[in-house]
Amino acid sequence: MQAIRVQDLLIPDEVPSQESTVKEEHAAQLNSAPRAPTYFTIEFIHDTICPFCYIGMKCLLNAIDKYKSKDPNAVFEITCTPFILGPTAKASSYDKYHYYSAERGLPTSRFEVWDRLAAETNIKFSWRGRTGNSRNSHKVLRFALQKTPTREKSTELRVYRPTAGVPLYPPYSLRAPDQPVSLPQPRGPDLQMRLLDAITTQYHEHDKDLSDPQFLLEVTRDVTGFPTDEIQAVLDSPEWDATIDSLSSEVQNRLSVRSQLAGPIVAVPTMVLNNKWVYGGFQKVDDIVEQFDLLSRGINPLREYTTSTLVLDGGTADTAARKAALERGNGRSGSSGGKETGGSSKQ
């Protein structure tokens, strides 16, 4: 069987489904359920080189802004987990358009989809410039979260621990600063997200090369205020290389389910809300806000896996098809055909 290679991911399913009745029931619950503490942990699993991940990040930030406009005291801690789509790619070795079309094997129509979705999110993709391996970008992102490399899950490195009597979370920003900072910033999820916003905005919209160590050194220094020699040491470090590769492998093992037909089923971007609810593929702003509303009231979201479309070399498979894939793998049901699709399911 020919090996299946993940290209990137994921176009949300825009077709209405039978979930409308469930949504109405949840809407009724929203009006009656008591408020739980509005504290959210979000693990954002991504690759900086992935255009869908960039759209997903912007949608997530916009959803947080929208939710906080009605609940200003809500606390969001987002930590990033690397998922390297092209681990063997060389640094600065590809024209950006050529990389996606030839190296990743994506059709011209994919660029049209990206541009259409970008316009809806106030993004202006540029397909000029150079690109290459994204590992170094993930190294500096992790450095914004911890000074010494470890294999801990990113969500274990959150800063805020909500307990009785703890003051409200201090003011913070998740977006890149307009000007370089003058002092070193405290490490944590907020700083990591500001750096992610800076790196990916410069790469996807302003022709910067995210595999270029000099660009990464400069943007990391401007956002974090960390000393240049410390950032350079991270970029040069084999230990940091091994850490990022290990984290990427771990999350691929955590999210992958091997089916008999489609090979490994994986998705980026993926969001994990409150260490439980998994959303594969970027989500639209209003859909994310709806999930925040439900979780803030202690109501389980509509589903654990979304109906996003997973794009593989050999066809399409829904991330929700993981349950069916598991059942086939355990011999509980048969299957036939070459292309898998799946409805939403809760596991």
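This is a predicted model: local features need pLDDT of at least 70, side-chain atom pairs count only at pLDDT 80 or more; totals for chains, interfaces and linings use all residues.
Visitor: What kind of pair do the rings of Phe40 and Tyr67 form?
Guide: The centres of the rings of Phe40 and Tyr67 are 5.7 Å apart, and their planes stand at 90°. Since planes over 60 degrees apart fall in one class, the angle of 90° makes the pair of Phe40 and Tyr67 edge-to-face.

Visitor: How many residues apart in sequence are the parts that the pair of Phe40 and Tyr67 ties together?
Guide: Phe40 counts as buried at 1% relative accessibility, and Tyr67 counts as buried at 0%. Phe40 belongs to strand E2 (residues 39-46), whereas Tyr67 belongs to helix H2 (residues 51-70), so the pair ties together parts whose separation in sequence is 27 residues.

Visitor: Which kind of pair do Phe111 and Trp127 make, and are they buried or exposed?
Guide: With ring centres 5.0 Å apart and planes at 90°, Phe111 and Trp127 form an edge-to-face pair. The pair links distant parts of the chain, 16 residues apart, with Phe111 in helix H4 (residues 108-120) and Trp127 in the loop between H4 and strand E5 (130-131). Ring pairs also link Phe111 and Trp127 into a cluster whose members include Tyr97, Trp114 and Phe125. As for accessibility, both Phe111 and Trp127 are buried.

Visitor: What arc around the axis do the buried residues of H4 cover?
Guide: The buried residues of H4 are Arg110, Phe111, Val113, Trp114, Leu117 and Ala118. In an α-helix, residues three or four places apart point the same way because there are 3.6 residues a turn. The face of H4 turned away from the buried side carries the exposed residues Glu112, Ala119 and Glu120.

Visitor: Which residue lies over the face of Phe226?
Guide: Lys96 lies over the face of another ring, that of Tyr203, at 4.3 Å from the ring centre. Over the face of Phe226, at 4.2 Å from the ring centre, lies Arg187.

Visitor: With which residues is Ser248 in contact, leaving aside its neighbours within four places in sequence?
Guide: Ser248 lies in helix H9 (residues 238-255), and its relative accessible area of 4% means that Ser248 is buried. Once the neighbours within four places in sequence are left aside, Ser248 is in contact with Pro82, Phe83 and Ile84.

Conventions:
Residues are numbered from 1 along each chain as its sequence is written. Side-chain values use heavy atoms; hydrogens and water are left out. Rings of Phe, Tyr and Trp (its six-membered ring) pair if their centres lie within 6.5 Å; planes under 30 degrees apart count as stacked, over 60 as edge-to-face and the rest as tilted. Helices (H or I, at least four residues) and strands (E, at least two) are DSSP runs, numbered from the N terminus. Buried means under 20% relative accessible area, exposed over 50%, partly exposed in between (1.4 Å probe, protein chains only). A charge sits over a ring if NZ of Lys or CZ of Arg is within 6 Å of the ring centre and within 35 degrees of the ring normal. Contact means heavy atoms within 4.5 Å.
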